[in-house]
Amino acid sequence: EEICKKINVKMSAIAPELQDLSVSSVTYSTLQLDAPTYVTAGNPAPTVAGWIGVSGALTVSGSTVSGTTVSTSADVSSGWPISGLSPYTEYDIIVKAENASGYSIKTLTVRTAARKEILSFGFTSPAAVTYLPDNTAHTITGNIPFYYDIDSLAATFTLPASTTLSVAGTPEVSGSSFNDFYNSVTTPVVYTATWADGTTQDYNVSISNWGTAGTLSLSSGAG
């Protein structure tokens, strides 16, 4: 009779070792952390947690992460979609893989994209009108009631943080900078937006004064 002996081999416990972190997409308010990868996966399988905070707000001491977080996740082993971020801001992402044998920590610094939109545009005088800019075509067209002059109007506008508008190189101040829109239907007034990252986009603004106050749209210019 042949006797078979069962030999149980217990695998050695191994601490995990992370490779560098990476992200697959970044917008002005979101980013996607890719699933972490390993030099050594570790045994047993590690828990993989994540932290994100404004750059410089988080600190690591040994295996402890502390400081002010924007968000945390107890499990980022399959990746981590992060939302609610501020435009054009540097963030530190920290990932810790840990098991009974040890831990591995990696940090990645990522800057979110600049928000490239004019949020609102209109006038408070002589008529109170607010228009929703077309941030795809980059054009603004609208009208002021016919009984008002449009040769000296000061636009009111709302912009993302660290964004400016100028006309012919002169900085615009919302509600205070006057421009002549009399011939703007045929020759639009060009507002140049300078975004937080230093890039620019022209918006062609055309205003007529007939009928009642209507819809404003923004037309595309080279930027």
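**Reading the cores, rings and a sheet**

Visitor: Which residues of the largest nonpolar core touch the most other members?

Guide: This is a predicted model. In soluble globular proteins, nonpolar side chains tend to be buried together. Here the largest nonpolar core has 22 residues, and F121, F123, I144, F181, Y191 and V205 touch the most other members. Several strands supply at least two residues each, among them β12 (120–123), β15 (153–158) and β20 (200–208). There's also a second, separate core of 15 residues, which includes L18, L21, L33 and L85.

Visitor: How many aromatic pairs are there, then?

Guide: A pair of aromatic rings is described by the distance of the centres and the angle of the planes. The structure holds 4 such pairs. Take F121 and Y191: they sit edge-to-face, 5.3 Å centre to centre, with 90 degrees between the planes. F121 is in strand β12 and Y191 in strand β19, so this pair ties together parts 70 residues apart in sequence.

Visitor: And what about F123 and F181?

Guide: Also edge-to-face, at 5.7 Å centre to centre and 80 degrees between the planes. F123 lies in β12, F181 in the loop between β18 (178–179) and β19, so parts 58 residues apart in sequence are tied together. F121, F123, F181 and Y191 form one aromatic cluster.

Visitor: What is the strand order in the open sheet of 4 strands?

Guide: Strands of a sheet pair through backbone hydrogen bonds, either parallel or antiparallel. In this open sheet the order is β8-β5-β10-β11, with antiparallel pairing. The edges are β8 (71–73) and β11 (102–111). Between β5 and β10 there are 8 bridges, and I52 stands opposite I93 in β10.

Conventions: Residues numbered from 1 in each chain as written. Heavy atoms only, no water. Core = buried A, V, L, I, M, F, W, Y, C linked by side-chain atoms within 4.5 Å. Buried < 20%, exposed > 50% of the residue type's maximum accessible area, 1.4 Å probe, protein only. Pairing = 2+ DSSP bridges. Phe/Tyr/Trp six-rings, centres within 6.5 Å; stacked < 30°, edge-to-face > 60°.
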